[in-house]
Amino acid sequence: MKRTHDGGGKTAGKHARPPERPRRPHRFGVVSLTIAAVLLAIPVASASADPKPSLKELAKRVEKMHTEIETLSEQYNGQREKLKTAQKAAEAAKKTLATSEADLAAKRAKAAMLAENAYITGGLGRVLAFTTSKDPDTFLDRAATTYVLEQQQGEAVNQVTKARAAAERARAGAKARIDEVEQLVNELGGKRDKITKLVAKVESNLFSRALGEAGRPGTRATRVDLPIVGAGKAAQAARWALTQQLKPYVWGAEGPSSFDCSGLVMAAYQRVGISLPHYTGSQWTAGRHIPREQLRAGDLVFFYSDLHHVGIYLGGGMMVHAPRTGDVVRIASIANRPFAGAVRIAD
């Protein structure tokens, strides 16, 4: 048997284990590791990226934003009405506070004067003064005067106490009204910013093109002269509203060059001497509710469950209204929106 020498010079015995050969990596293992590394290196987003929205999908987004703008605009109008009321209440509270504080100051001065007078007239003990007095009649007159002064002083103190309490209540009321005004102003600012951003978005080139190419721009507005039946204030308001056709919709506007939906209604009835708030929620409660089949020219027609849109009925199933951002005052069918109810403001 031949002997072999290893690289270190040692002789391998009969039963010595042969040297192990270095293992080669399995081909499939290398491949799988390489694929895993490649997959990990690829961003997940590229494999599952959302497809770009179609024009119709973009158009639906625009319609949704228009609805949101209208809803927010009427909430904004409602907050403005609350703000007007709160500001009037705050001014009244300030006047009440000023009156209360002036009354308190006057009563304090009177009480101080009576206290000083009583102190001057009643400085000595009455019994001692009576026994040493050479003229008891004069003393009795003075004592009677002092008693009256003391009675007046006591009443003055009571009045001061009541006046102070009234002033404190007035001060608390004024602060509450001012806090309410500040809160409403802050809320209005937040809604204004949100509406402004939404308007900028729907008026962007992308959404304008999407809405146009998707075939949802609506018909081109043209001035239409309709005969309005009736001679009352409601019919007169409807006639005036028709003269405002083609003026642009601007949220929060109430004329004369632009309107939102409740602003147009308010302005139309203002022309015939009827004051309405600039808010669909308040206009909904400003008159008598009537069924749809009894509609006549000048009645207010409301749409959507939250009443965020209003128009002025003309007859024949038509209304005049200020539709939305990017549109103008125009005539439209009341069948194109979800009808919520109608209100008669005047005959």
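User: Is F259 buried or exposed?

Analyst: In this predicted model, F259 is buried, with a relative accessible area of 1%.

User: Which aromatic pair does F259 form?

Analyst: F259 pairs with W240 in an edge-to-face arrangement, 6.2 Å centre to centre and with 85° between the planes. W240 is itself buried, at a relative accessible area of 17%. That value counts as buried because the cut-off is under 20%.

User: Where do W240 and F259 lie?

Analyst: W240 belongs to helix α7, while F259 sits in the loop between α7 and α8, so the pair ties together parts that are 19 residues apart in sequence.

User: How many aromatic pairs does the structure hold?

Analyst: There are 4 aromatic pairs in the structure. One of them joins F303 and F339: the ring centres are 6.0 Å apart and the planes are at 80°, so this pair is edge-to-face. F303 is in strand β2 and F339 in strand β6 (residues 339–344), so the pair links parts that are 36 residues apart in sequence.

User: And F339, buried or partly exposed?

Analyst: F339 is partly exposed, at a relative accessible area of 24%.

User: What covers the buried residues of α7?

Analyst: The cover includes helix α8 (261–270) and the strands β3 (309–315), β4 (318–321) and β5 (330–333).

User: How many residues of α8 are buried, then?

Analyst: In α8, 9 of the 10 residues are buried, so this helix too is largely enclosed by the rest of the structure. They are C261, S262, G263, L264, V265, M266, A267, A268 and Y269.

User: What is S262 in contact with?

Analyst: S262, which is found in helix α8, is buried with a relative accessible area of 0%. Leaving aside neighbours within four places in sequence, S262 contacts E74, N77, H278, Y279, T280, Q283 and V310.

User: What does Y269 touch?

Analyst: Not counting residues up to four places away in sequence, Y269 touches A234, A237, I274, L276, G298, D299, L300, I345 and A346. Of these, A234 and A237 are among the buried residues of α7.

User: Which residues of the largest nonpolar core touch the most other members?

Analyst: They are Y269, L300 and I312, in a core of 49 residues. Two or more residues of this core come from each of α3 (55–121), α5 (136–202), α7, α8, β2 (300–303) and β3. Helix α3 gives the largest share, 8 residues. Apart from this core lies another, of 9 residues, among them L295, M319, A332 and A342.

User: Change of topic: where does R324 lie?

Analyst: R324 is in the loop between β4 and β5. At 16% relative accessibility, R324 counts as buried.

User: Which side chain does R324 make a polar contact with?

Analyst: The side chain of R324 makes a polar contact with the side chain of E63, at 2.8 Å.

User: What is the mean pLDDT of the chain?

Analyst: The mean pLDDT of the protein chain is 77, and 68% of its residues reach 70 or more. Over residues 1–16 the pLDDT is below 50, and this stretch has 6 contacts in the model beyond near neighbours in sequence. Residues 25–48 also have pLDDT below 50, with 1 contact beyond near neighbours in sequence.

User: Finally, the overall picture. How many helices and strands are there?

Analyst: The protein chain has 9 helices and 6 strands. Of its 347 residues, 34% count as buried. Among contacts with a separation of 6 or more, 67% are between residues 24 or more positions apart.

Conventions
Residues are numbered from 1 along each chain as its sequence is written. Side-chain values use heavy atoms; hydrogens and water are left out. Buried means under 20% relative accessible area, exposed over 50%, partly exposed in between (1.4 Å probe, protein chains only). Helices (H or I, at least four residues) and strands (E, at least two) are DSSP runs, numbered from the N terminus. Contact means heavy atoms within 4.5 Å. A polar contact is a pair of N or O atoms within 3.5 Å; within protein, one must be able to donate a hydrogen and the other to accept it, and residues adjacent in sequence count only if both atoms are side-chain atoms. A nonpolar core is a set of buried Ala, Val, Leu, Ile, Met, Phe, Trp, Tyr and Cys residues joined through side-chain atoms within 4.5 Å. pLDDT is the predictor's confidence in each residue, from 0 to 100. Rings of Phe, Tyr and Trp (its six-membered ring) pair if their centres lie within 6.5 Å; planes under 30 degrees apart count as stacked, over 60 as edge-to-face and the rest as tilted.
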